[in-house]
Amino acid sequence: QVQLVESGGGLVQAGGSLRLSCAASGRTFSMYRMGWFRQPPGKEREFVAAISWSGGNTYYTDSVKGRVTISKDNAKNTVYLQMNSLKPEDTAVYYCAASARYLSGTYYYTDTDGYEYWGQGTQVTVSS
């Protein structure tokens, strides 16, 4: 089992920045990939960014490319999501996700199907 705890959400004005953190505990040595998803009000959960645990390969949804960076600190078992130039449409609950399943292919990085562990979420609100 892997436990994930997100932090760093909050209220920020448009154009501002936030850094989300996701601390993993438990069987972290078995993890293969981690990702961030978000769920805007009244919408489905959607992919934001992902990173492979060992190789550092990264993936981003088009709407955040150039504004968002995913990174990890293996020593701290923590994944970060640095978000810059935030827009009101970035408002959502942000969820950290992890998987220990060795499933290759971009699909498993960018879809909820690729993850079996989820955090509780952290609210990000961007005011205009």
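Start by selecting Ala14, which sits in the loop between strand 2 (10-13) and strand 3. The model on screen is a predicted one. Ala14 has a relative accessible area of 42%, so Ala14 is classed as partly exposed. Show what surrounds it: setting aside neighbours within four places in sequence, Ala14 is in contact with Leu86, Pro88, Val126, Ser127 and Ser128. Then put a distance line from Ala14 to Gly119, C-alpha to C-alpha; the two are 26 Å apart in space and 105 residues apart in sequence.

**The whole chain**

Zoom out and switch to a cartoon. The protein has one helix and eleven strands. Read from the N terminus, the order of elements is β-β-β-β-β-β-β-β-β-α-β-β. The C-alpha trace spans about 40 × 25 × 25 Å along its principal axes. The radius of gyration is 14 Å, which agrees with the value near 14 Å for a compact globule of 128 residues. Of the contacts with a separation of 6 or more, 59% join residues 24 or more positions apart.

Buried residues make up 41% of the 128 residues.

Hide the surface and show side chains in the interior. In soluble globular proteins, nonpolar side chains tend to be buried together. Here the largest nonpolar core has 28 residues, and Leu4, Met34, Trp36, Leu81, Met83 and Tyr94 are those with the most contacts inside it. To see where this core comes from, colour the elements that give two or more residues to it: strand 1 (2-7), strand 3 (18-26), strand 4 (33-39), strand 5 (46-52), strand 7 (68-73), strand 8 (78-83), strand 9 and strand 11 (122-127). Another core, of six residues, lies apart from it; Phe37, Phe47, Ala50 and Ala97 are among its members.

Go back to Leu81 and select its surroundings. Beyond neighbours within four places in sequence, the residues in contact with Leu81 are Leu18, Arg19, Leu20, Trp36, Val48, Ala49, Val68, Thr69, Ile70 and Tyr94.

**The disulfide**

Which two residues form a disulfide? Select Cys22 and Cys96: their sulfur atoms are 2.0 Å apart. Cys22 belongs to strand 3 and Cys96 to strand 9, so the pair ties together parts 74 residues apart in sequence. The link between Cys22 and Cys96 is left-handed, with -80 degrees about the S-S bond. Are these cysteines buried or exposed? Cys22 and Cys96 are both buried. The count for the protein comes to one disulfide.

**Ser99, the last stop**

Follow strand 9 (residues 92-99) to Ser99, which is found in that strand. Ser99 counts as buried because its relative accessibility is 0%, the cut-off for buried being under 20%. What lies 3.2 Å from a polar atom of the Ser99 side chain? The backbone oxygen of Gly114 is at that distance.

Key:
Residues are numbered from 1 along each chain as its sequence is written. This is a predicted model: local features need pLDDT of at least 70, side-chain atom pairs count only at pLDDT 80 or more; totals for chains, interfaces and linings use all residues. Side-chain values use heavy atoms; hydrogens and water are left out. Helices (H or I, at least four residues) and strands (E, at least two) are DSSP runs, numbered from the N terminus. Buried means under 20% relative accessible area, exposed over 50%, partly exposed in between (1.4 Å probe, protein chains only). A polar contact is a pair of N or O atoms within 3.5 Å; within protein, one must be able to donate a hydrogen and the other to accept it, and residues adjacent in sequence count only if both atoms are side-chain atoms. A nonpolar core is a set of buried Ala, Val, Leu, Ile, Met, Phe, Trp, Tyr and Cys residues joined through side-chain atoms within 4.5 Å. Contact means heavy atoms within 4.5 Å. The radius of gyration is taken over C-alpha atoms; the globule rule is 2.2 Å times the number of residues to the power 0.38. A disulfide is a pair of cysteine sulfur atoms within 2.5 Å.
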